[in-house]
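Here is a briefing on a protein model, covering fold, cores, interface and salt bridges. Please look over the structure before reading on.

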Amino acid sequence: MFVTGKGGVGKTTVAAGLALAAAEAEGEAVYVEFGDGAGARRVLRDRPSGLEHVVLDPSKAVAKAAAPVFGSATLAKLALDNFAMRPLIRAAPAVRELGVLELARQVVAEHPGKRVVFDMPATGHSVAWLKVARQGRELTGRGPIHDLCAKLEAELISPGHASIVVVTLPERLVLWETLTLCETVEQEVGLSVDRLVVNRVPHAPPDNALADAVAMSNIDGPVGEAAQKLTELLSIRDAVRKQVMEALDETVHRYGEEKGGDTGLTLLPYASTDPTARTVAEWLRNAGAA
Amino acid sequence: MKHPVVIVCAGGGGVGKTTASAAFALALAKSGYRALIVSIDPARRLADAMGVELGTQARELSLDSGNGQLFGLMPDPEDALRTFVEFLFAEEPEALARLLDNRLYRALEAAVPGIHEVATISLTWRAITEHEVDAVVIDTAPSRNAVDFITYPKRLAKLLGGRAVGWMAAIGKRTSVVPQEDKMGRVEQLLVRALGPVARDVAGLFSEMARVRKRFILLNEHTSDLLLRPETRYYPVASPTAAARDDVDYLIKKLAKLDIAPRALILNSAFVPERGWVDVLEESGETTPAIDDVLSTLNDERSTRNRAASRITEAFSKRYPILPQLRLPFVESVEPRSIVHTLSQSFDIAALLQR
């Protein structure tokens, strides 16, 4: 299960929540993050024994993934660790993404039958990392890189093995970007998005609050002026909320219709402090999303 | 050319980096600079924040007050590479045609991490020269790895300036008809075997790039000059969340490796401004249950937000005692543009640029 989305949407908490819920339901699960392990330290403090935590280092991915391509670690070192290839690897796009995918494939192969939840690195809004296997295979045509890419497609990124969860925010722009991302995943990667998680959906104020505030602002003096301020604030929030709901409706419905309604939609509430993975796991379970 | 003031705003996603960068640029323009705001964020946030369409060509934005000028640049990741390559190959039309036809180039053309940043930076250089800009604000991509692109031009220049190019081009010649493995060294053989038929495209790409190597290296020197001069001013941007705090720590470590010390921290939503009217309403005795409900929610929100904000302020003061913090208010509005205008009032340009 790949959990993706742009940075700052709460991807780590949702990924950890999904992994935690899976570990509790199935006894065992794996939560994989890329980087320094800060994600789990932040949101998964009380990790149950059934949930394994794996940290993958993208900067070492190329070296680790290259061994099977060249036949052995020594040959890989000979081919890659030289004056020409070192700067090429540092500069060439997609090489690192391929390395990261191969490490991901290895984690899945080491945990047969278990659910592995990947908290994918935020790569702007692109899904380039999901496309590199297909691109690499089509580009090379034959040879070890071709074989590596084909293996990644078959074992990691195939519809039978992979599911994709996209985390997004209830903001007009972010929702539109998310729609584009879903369409790209489908058209260019050949995978469909199984679930859209809209994080931090604001609570609506009580129904008659705005009308009451407007009525109060007719009172003369400081109370009326104060009520005027409240009216302004409530109107702003109301307009923002409407914008969001409209965008959510349009994006989610448009995507849902095109897909025949296979994509699950989960709304998670706004919380004024960062929720833990445990809280999110509970929300997801209650929403039927875990 | 006189060097412009270069400001780089970086931080994780969702911290309001684009809004803060736009406010910074607007404040510069209001205090008399010919400012340019550039967004590498592939999202359309900058256009939204400024309330106008922006693209690969810098365009002038209107100011409500002040005597400076403000330009905006937001290259589309889809055209940025094309524009960049056309610029590099302006004097080599035939090589350009071959390059555009190269399978590997065509595969790279679809927004690849790193390329968009380099292309954007080169367009920024052009915009600075064309519009005689004297202050640039660069809004980086929403990722903790956003500053990786700073060394990318250097890595590319090193690659193209080094022996690797001639070596790869030579492989290309030997693989052009039938692979002549007997004429290759062991390493070359390994690579050609690993890459398969694409070795030819890799080599082709290299030999085209080698043609414009000088222009490439020069352009990349400009780019490094823009981003790696000691005068370039880096501002990490955070909001009061643990994720944003971790991203800033990570970012400051990365900057330290490049010998860059940030000038100040920009903290978005660092406080909810005083709302005296809430007290007036609470004490009025005229409220309805719905209003009481809203007022208590507003108070809760304000204290929770302010608590989270002081936690992050304290955490940063402890970790980076000499790093000044610019604390921006939490602003609500329907129009992103009006948020930018409000925030720009918090930027005291003279004081900021003295640090």
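Exposure classes rest on relative accessible area: buried is under 20%, exposed is over 50%, and partly exposed lies in between (1.4 Å probe, protein chains only). This is a predicted model, in which local features need pLDDT of at least 70, side-chain atom pairs count only at pLDDT 80 or more, and totals for chains, interfaces and linings use all residues. Residues are numbered from 1 along each chain as its sequence is written, chains are lettered from A and ligands numbered from 1 in the order in which they are written, and side-chain values use heavy atoms, with hydrogens and water left out.

**Chain B overall**

- Chain B has 16 helices and eight strands. These are DSSP runs (helices: H or I, at least four residues; strands: E, at least two), numbered from the N terminus.
- Chain B holds 355 residues, and 54% of them count as buried.
- Its accessible surface is about 15100 Å², with 50% belonging to carbon and sulfur atoms. The areas come from the Shrake-Rupley method with a 1.4 Å probe; for residues, only the protein chains shown count as cover.
- Contact means heavy atoms within 4.5 Å. Of the chain B contacts between residues at least 6 apart in sequence, 77% join residues at least 24 apart.

**Nonpolar cores**

- A nonpolar core is a set of buried Ala, Val, Leu, Ile, Met, Phe, Trp, Tyr and Cys residues joined through side-chain atoms within 4.5 Å.
- The largest core has 78 residues, and Phe70(A) and Phe84(B) touch the most other members.
- Beyond its neighbours within four places in sequence, Phe70(A) contacts residues including Leu75(A) and Leu80(A), as well as Leu190(B), Leu191(B) and Ala194(B).
- Another core, of 48 residues, lies apart from it; Ala29(B), Met74(B), Ile266(B) and Leu343(B) are among its members.

**Interface of chains A and B**

- Chain B gives 64 residues to the contact, and chain A gives 64 residues.
- The buried area is about 5400 Å², and carbon and sulfur atoms give 69% of it. This is the accessible area (1.4 Å probe) that two parts lose on being put together, summed over both.
- Three salt bridges cross the interface. A salt bridge is a side-chain nitrogen of Lys or Arg within 4 Å of a carboxyl oxygen of Asp or Glu.
- Helices H2 (45-50), H5 (103-109) and H14 (289-319) of chain B are among the elements that give two or more residues to the side touching chain A. H14(B) gives the most to that side, with 10 residues.

**Salt bridges in detail**

- Over all chains, the structure has 19 salt bridges.
- Arg105(A) and Glu155(A) pair at 2.9 Å, N to O. Arg105(A) sits in helix H6 (residues 95-110) of chain A and Glu155(A) in helix H8 (residues 144-155), 50 residues apart.
- Arg105(A) is buried at 11% relative accessibility, whereas Glu155(A) is partly exposed at 32%.
- Arg237(A) in helix H11 (residues 222-259) of chain A pairs with Glu332(B) in the loop between strand S8 (325-329) and helix H15 (336-344) of chain B, so the bridge joins two chains. Their closest N and O atoms are 2.6 Å apart.
- Arg237(A) is partly exposed at 23%, and Glu332(B) is partly exposed at 24%.
- Arg237(A), Arg275(B), Glu301(B) and Glu332(B) form a network of salt bridges.
- Glu274(B) and Arg302(B) form a salt bridge with closest N and O atoms 3.8 Å apart. Glu274(B) is exposed at 69%, while Arg302(B) is partly exposed at 22%.
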